[in-house]
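Subject: Structure for your review

Dear colleague,

Please find below the structure for your review. A short account of the findings follows it.

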Amino acid sequence: MIKFIDLILNKLFKYRQSVGLSLFFFGGPLIYFLRDGIKLAPGSTAFTGAFTMGSLLIAIPFNLKKVYQTNTVGYLMCIGYTILAVFYLAVYTPNRGWFTNTTVEAVYQGIIILSMFIFAGTSINSLKDNFLQITLIICVIGGLGLLYYIFKNPMYVIGMRASISFSGDDAMSSMGNPHIYAKSAYCGLVAGVILLREEKRILYRLMYLGCVFLLLVVLALCQAMAMILVTGIFFFLYYISSFNSNNIYKSLKWLTGLKGFALLALTALLVYYVVEHTRFSEFFGHISGLITERVEKIFMTLTGTEPSTPTIVAGDDSASTRVTNITAMFKDMNERIEDGDWLSVILGQGYQHKYIDSPFFQTLNDLGIIGFSFFAIIHLVLLAWVGRQVLNPTCGFTLFVAYTFLATVIQNFTFGMPYDYQRWTVMLFVARFALDYKKVVVTKPAGSTVSA
């Protein structure tokens, strides 16, 4: 027994950075399942904070003097934006509304700064071999926790957005936050697909397929359209970049063989049974209607246009409100320009001046053209690296980091605040590893001071 415990502890110690960072980034569903799902610490902010900080501190490098190379422009832009946000928080925070708590915001900025140092002291060599496996495990556990909760919840019916209700008396607490579970499901799905590509053992391939299917179910139940959209983008980019003429020939040859024919026949029988003997048509019609309407609302957010046929989804007017906020922001900005008030346009109107619910436009309103320029340059630099990784990935880990950033990009258009530590730590993590590893030494050679 002692030897078994010692073996587990040694493994955890060996993989501690992967475990800590995976829990930090993708452990949200697990936190809320333990906290509110099984009522371990209902509504406890302290529990959430301790879990989050504990996960981050697990990954702290032992040798903090060793700093690895980062994407210089991306990391400097992140540092510049953080300094600007902290400065505005300290001296220019005109609003004290429901979404502004200076103490909490200061703690968030502290987490961001701590993350910045931890990521810079973490080598790719300590993550690239096991980070994806651990991430998949954590995301699957979080997904299973959500499925268990809704299965045990007598108030849940198919068609509702799946999430674990926070312990509280307000409307938001009773609804929970499905975006947390959807993003975790998306990231686990990406990890599973990449691991599936690199795995040859049939048992492990079946296991990865099962995990991917489970996370697709969680994603569909959450009905978070931003994550459904980025999942479609992921599959499109992944398979377009993975297939070549030789792969297509092999796939067609397999499909026209005996095994392929048997699989197609079995799939056809399964589809026939589901359509004819279940309420699939009713469920599919309901879900497809929701997806169509919400994708149209995302399009409204990104373009600022109204749909040709206005539709209303009960209890979901966030996209319409967001478009209204963005339109009002540009109208106000135009009026200030006409009045010659260029200073407020360049410097912004203050930290969290008004809730826009779109980080890109929130930055433009609060931090002005200066802050918006930092935010935009970060995205352009990192997206250029993402494009190179999608076409020619260095390894599974860097490809996963690239596809994870796509989810953050979509979210930075669609909802939330740009100052959230969950958002910024992801961007810092990507900026840390967004390197051309064809030209950078991955394993630190003797006598070198800076490596990957």
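The pLDDT is the predictor's confidence in each residue, from 0 to 100, and a contact means heavy atoms within 4.5 Å. This is a predicted model, in which local features need pLDDT of at least 70 and side-chain atom pairs count only at pLDDT 80 or more, while totals for chains, interfaces and linings use all residues. Residues are numbered from 1 along each chain as its sequence is written, and side-chain values use heavy atoms, with hydrogens and water left out.

The average pLDDT of the protein is 80, and 77% of the residues score at least 70. Residues 169–173 fall below 50, with five contacts in the model beyond near neighbours in sequence. Residues 439–451 also stay under 50, and the model gives them 21 contacts beyond four places in sequence. Where pLDDT is low, the predicted coordinates should not be read in detail.

Rings of Phe, Tyr and Trp (its six-membered ring) pair if their centres lie within 6.5 Å; planes under 30 degrees apart count as stacked, over 60 as edge-to-face and the rest as tilted. By this rule there are 33 aromatic pairs. A cluster linked by ring pairs includes Phe26, Phe400, Tyr108 and Tyr421.

Yours sincerely
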